[in-house]
Amino acid sequence: MTTASTGSAASDLRLEVVDLISRPGAHRSFERTVPATGEEGSLAMRVPAGDPLEISGQLESVVEGIYVSGTVLAHLEGECSRCLDPVEDDVEARIDELFTYPEKMPGGAQDEDLVVLEGDSIDLAPLVHDALAVSAEDRPLCRPDCPGLCAQCGARLEDDPDHHHDVIDPRFAALQGLFEDEGTDRPGGEA
Ligand SMILES: [Zn+2]
Ligand SMILES: [Zn+2]
């Protein structure tokens, strides 16, 4: 990737490391605040586009390459997986990656776990993206004991704790069984 459009997250997350290359022991810290693209997070929880991603950490020259460690602070928004109420979460996601010098790659092996240092800069964007994907909840809850919605009519059980249906149609009962089998967080449920 060459220079991207000015001010984009992609270009702002590229760090020059020419001063650290082949100088094991040399290190310095970095700090970047960039606008979210709207795609950071999980399917259920995302950083709204334009919201700040605060990234800070250390660059360290080691024998094999450049080691990057740090954190990403971000504000995630989504919906409760049970009742669909808005849910917010502030996360501090870890970044941890070694950018290996091409000549240190073992025998041209295509090791999927190794990231190659290309040129004299490193791109933080994929690290930030992955870190937030891991930190974001897949099944967010507005609160741990959210009662969710009635499986039969969709009513909010929180608004109506005594809500029940007197007549249970056998077809509904069968459907309810299906939903309960899918649930992974059924109270008191054990595998
Ligand atoms: Zn909820
Ligand atoms: Zn109901």
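This report walks through a predicted model of one protein chain, from its overall layout down to a few single residues.

## The big picture

Let's start with the parts list. The protein chain has 3 helices and 8 strands. Reading from the N terminus, the order of elements is α-β-β-β-β-β-β-β-β-α-α. The chain holds 191 residues, and 19% of them count as buried.

What about contacts along the chain? Take the contacts with a separation of 6 or more: 61% of them join residues 24 or more positions apart.

## How confident is the model?

Since this is a predicted model, it's worth a look at the confidence scores. The average pLDDT for the protein chain is 85, and 77% of the residues score at least 70.

One stretch to treat with care is at the start of the chain. Over residues 1-7, pLDDT stays under 50. For that stretch the model has 3 contacts beyond four places in sequence.

## Strands side by side

Now for the strands, with E5 as our guide. E5 covers residues 65-79 and runs antiparallel to E3 (residues 45-46), with 2 bridges joining the two. Here Arg46 stands opposite Glu77 of E5. Strand E4 (residues 52-61) also runs antiparallel to E5, this time joined by 8 bridges. Gln58 faces Ser69 of E5 as its opposite number. E4 and E5 make a hairpin, with 3 residues between them.

Next comes E6, which spans residues 86-100. A set of 15 bridges joins E5 to E6, and again the two run antiparallel. Which residue of E6 is the bridge partner of Ser69? That would be Asp96.

E6 has another pairing to show you. With strand E7 (residues 115-116), E6 pairs in the parallel sense over 2 bridges. Thr100 has Val116 in E7 as its bridge partner.

## Two residues with a positive phi

Here's a backbone detail to look for. Most residues other than glycine have a negative phi. Ser22 isn't a glycine, yet its phi is positive, at about 60°. You'll find Ser22 in the loop between strand E1 (14-16) and strand E2 (27-35). Is Ser22 buried or exposed? Ser22 counts as exposed because 9 other C-beta atoms lie within 10 Å, and the cut-off for exposed is 12 or fewer.

Leu84 is another such case: not a glycine, but with a positive phi of about 70°. With 14 other C-beta atoms within 10 Å, Leu84 is partly exposed.

## Inside the core

Where do nonpolar residues gather? The largest nonpolar core has 25 residues. Those with the most contacts inside this core are Ile66, Val72, Val128 and Leu132. The elements giving two or more residues to the core are E4, E5, E6 and helix H2 (125-135).

What is Val128 in contact with, leaving aside neighbours within four places in sequence? The list is Leu13, Glu40, Leu53, Ile55, Val72 and Ile95. One of these partners, Val72, is also among the residues with the most contacts inside the core.

## A stop at Phe30

Last up is Phe30, which lies in strand E2. Phe30 is classed as partly exposed because it has 14 other C-beta atoms within 10 Å, a count that falls between the limits of 12 for exposed and 20 for buried.

Which residues does Phe30 touch, not counting those up to four places away in sequence? They are Leu15, Ser56, Gly57 and Leu59.

Terms used. Residues numbered from 1 in each chain as written. Chains lettered and ligands numbered in written order. Predicted model: local features only at pLDDT ≥ 70, side-chain atom pairs only at ≥ 80, totals over all residues. Pairing = 2+ DSSP bridges. Helix = DSSP H or I, 4+ residues; strand = E, 2+ residues; numbered from the N terminus. Core = buried A, V, L, I, M, F, W, Y, C linked by C-beta atoms within 7 Å. Contact = placed C-beta atoms within 7 Å. pLDDT = per-residue confidence, 0-100.
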